[in-house]
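Okay, thanks for coming, everyone. Let me put the model up, and then I'll walk through it.

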Amino acid sequence: MMKAMSMGAGNAYSFSASLSHGHKPKKTSISYQGIFNEHCYQLKERENEHVVNVEIETAQSVDQESAPTFWVSLLFKSKLDGAPRDERPIDLVVVLDQSGSMDSKVENKTKMELAKIGIEKLYKILRPNDRLGLCRFNNDANVVFDIQQVEDIAPTTFQTAIDSVVVDGGTTLSAGFACGLSMFDEWTKGQSVEDPLADIREKRIIFLTDMEGMGGDTLSQLLKKGVGKNIFTSVVGLGLDFNSSLTESIIKVPGANYFTTRDEKDLEEILVKDFFYNFFPASHGNTLTFSSEDFELVNTYGTPLDPESEKMELDWLPKHHRQYPKDFKDRAMTFLLSLRRSSMKVPMIAFSEIMDFIAPREVEVSRLETIFPSAMPDDNNIEGGLILLKLKPKRKEITQGTAGLGLRWRHLDGSEGKLSHSVTLNTNTTAIIGDNSTNIDKGYALTRYVETVHSMLDNSEKNKANALLVKEWFEEQASKYPKDEKFDTRRKDFQKVLEIK
């Protein structure tokens with residue numbers, strides 16, 4: 001479900017495309033999250049209650065010379081996964097890049113031809129009570145047609161408007177975004193009849209652009225202007241020129257996500273096939289926390305900031321108490337009963353300090369501004385949404401223990417949601433990672449793949465011997481997932497990376 005993880009939607013299309021065209025990819029074009037999001041994972045049980053939850057698996061890797069390393073996989077899921085589009089209507093403004101670079105070709109079409117095909121297909125799947133507007137931009141921006149009910153847009157009028165956009169000029173993304181926002185403002189001012197669906201209606205700007213010349217900070221500032229008006233943004237990067245280093249900036253903005261596309265099939269999947277899952281959020285303000293007296297969080301993989309966890313320690317507060325493990329809650333209860341018996345009054349600030357002293361510190365593993373649902377076929381395979389945690393015992397003699405995981409999120413109506421999970425790890429009973437074909441084994445294989453590719457892009461000659469060993473191991477692991485066609489891409493890309501001079 002986290003294809004748009006934001007966990008905004010990321011992928012590794014530009015990495016594969018660079019290799020297929022004989023170019024050495026940038027290291028930033030392949031991330032753990034991007035690779036994780038291209039693969040499918042098997043849900044053991046569909047989520048029927050919460051808009052956000054996680055399915056947990058555990059494993060261990062053993063080094064005889066050191067304490068065992070434990071791994072925990074978290075597969076995000078939602079009751080909206082695989083569901084048909086719900087009752088929410090949507091107001092869309094498509095902001096189309098018409099700069100000169102859009103005349104360059106991607107596969108056998110120009111970027112502009114590809115963008116127009118995508119817009120035409122998008123128009124055909126919108127509902128009558130949805131609204132659609134279009135503006136174009138280069139150095140400046142102009143409205144092609146104003147926001148209006150889809151049922152009021154005649155096909156011939158729509159086609160004439162699309163055909164009128166021609167490639168010319170430079171790229172000023174801020175002009176395009178300002179035009180998109182102003183179109184929403186003008187629509188709102190012109191309405192004299194109250195919209196009965198206003199409370200649930202989504203508002204979104206979709207950028208179709210090759211993103212040439214745009215820095216992450218600038219883009220982030222632009223996108224945030226819409227958030228205050230509940231107008232969210234999706235960026236669809238066309239072709240090899242997409243700057244994948246913008247990923248982190250985009251997905252830190254609430255409601256925003258990004259995609260890259262190389263051909264018509266990719267674009268149709270983004271705009272049409274997965275329309276509901278890409279442009280209708282499930283929740284906002286999602287945080288995942290970790291706490292344990294027995295284990296230290298070493299790394300996280302699959303988050304916007306991977307592989308390093310933010311590791312932001314959170315002070316104990318009453319609202320955090322539910323996320324802590326049972327043994328801590330038992331100690332806290334004993335302390336409270338002792339206070340009551342002694343009739344001693346302790347100020348909250350002092351009580352918080354005492355709780356911090358006796359509690360395992362809570363670490364924020366990931367903060368996902370927005371979670372989107374995922375398309376899911378009948379076989380319960382879910383695309384993207386995996387996070388992998390790497391844990392080490394705090395002391396070498398620890399062979400078993402527990403860890404607490406907390407989830408908090410904000411519903412679309414602004415109300416708060418939260419869940420907690422307890423994970424037990426034991427060297428005698430926890431499976432060895434790589435021995436099976438579960439989600440955690442797949443995540444571990446992909447983690448080693450990305451690590452190795454990064455090392456090769458840094459220094460191909462120095463790291464080639466190790467890469468060859470990992471490639472042989474990876475081939476064996478990939479063979480366990482015959483239905484996951486993306487492993488064919490991984491194998492081919494791995495070989496191309498090894499051939500880089």
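Lys26 comes out as exposed, at 62% relative accessibility, where exposed means over 50% relative accessible area, buried means under 20%, and partly exposed is in between, with a 1.4 Å probe and protein chains only. Lys26 sits in the loop between H1 and helix H2 (32-38); helices here are DSSP runs of H or I with at least four residues, strands are runs of E with at least two, and both are numbered from the N terminus. What about Lys26 and Leu457? They are 431 residues apart in sequence and 7.7 Å apart in space, C-alpha to C-alpha.

Quick word on the source: this is a predicted model, so local features need pLDDT of at least 70 and side-chain atom pairs count only at pLDDT 80 or more, while totals for chains, interfaces and linings use all residues. Residues are numbered from 1 along each chain as its sequence is written, and side-chain values use heavy atoms, with hydrogens and water left out.

Glu107 has a positive phi of about 60 degrees and isn't a glycine. Glu107 is in the loop between strand S5 (105-106) and strand S6 (109-110), and it is partly exposed at 49% relative accessible area. Asn230 also isn't a glycine, and it has a positive phi of about 60 degrees. You'll find Asn230 in the loop between helix H6 (216-227) and S10, where it counts as exposed at 53% relative accessibility.

Carry on from there into S10, strand residues 232-238, which runs parallel to S11 and is joined to it by five bridges. For pairing, the rule is that DSSP finds at least two bridges between the two strands. One of the contacts is Gly237, whose bridge partner in S11 is Thr260. And how many residues of S11 (residues 257-261) are buried? Five of its five, so to speak a mostly covered strand. In a regular strand, side chains alternate between the two faces of the sheet. In S11, Asn257, Phe259 and Thr261 point one way, Tyr258 and Thr260 point the other way, and all are buried.

Now salt bridges, meaning a side-chain nitrogen of Lys or Arg within 4 Å of a carboxyl oxygen of Asp or Glu. Searching the whole structure gives 24 of them. Take Asp91 with Arg201, where the closest N and O atoms are 2.9 Å apart. Asp91 is in strand S4 (residues 90-97) and Arg201 is in the loop between H5 and S9, so this pair ties together parts that are 110 residues apart in sequence. Both ends are tucked away: Asp91 is buried at 1% relative accessible area, and Arg201 is buried at 10%.

Next, Glu475 and Arg491, with closest N and O atoms 3.1 Å apart. Glu475 belongs to helix H13 (residues 460-478) and Arg491 to helix H14, so the bridge ties together parts 16 residues apart in sequence. Glu475 is partly exposed at 29%, and Arg491 is partly exposed at 23%. There's also a network: salt bridges with shared partners join Asp91, Arg131, Asp195 and Arg201.

Last topic, pockets. Rolling a probe the size of a water molecule over the atoms shows where empty space is left. Here, a pocket is an open set of points on a 1 Å grid over the protein atoms alone, where a 1.4 Å probe fits, with protein on both sides within 12 Å along at least five of seven lines; lining residues have an atom within 4 Å of a point. Points are joined across faces, edges and corners, and the volume is the space filled by probe spheres set on them.

The largest pocket has a volume of about 1,200 Å³. It is lined by 40 residues, with Glu38, Cys40, Asp484, Glu485 and Lys486 nearest its centre. Which element gives the largest share of that lining? H14, with six residues. By class, the lining has 10 nonpolar, nine polar and 21 charged residues, where Ala, Val, Leu, Ile, Met, Phe, Trp, Tyr, Cys and Pro count as nonpolar, Asp, Glu, Lys and Arg as charged, and the others, Gly among them, as polar.

The second largest pocket has a volume of about 840 Å³.
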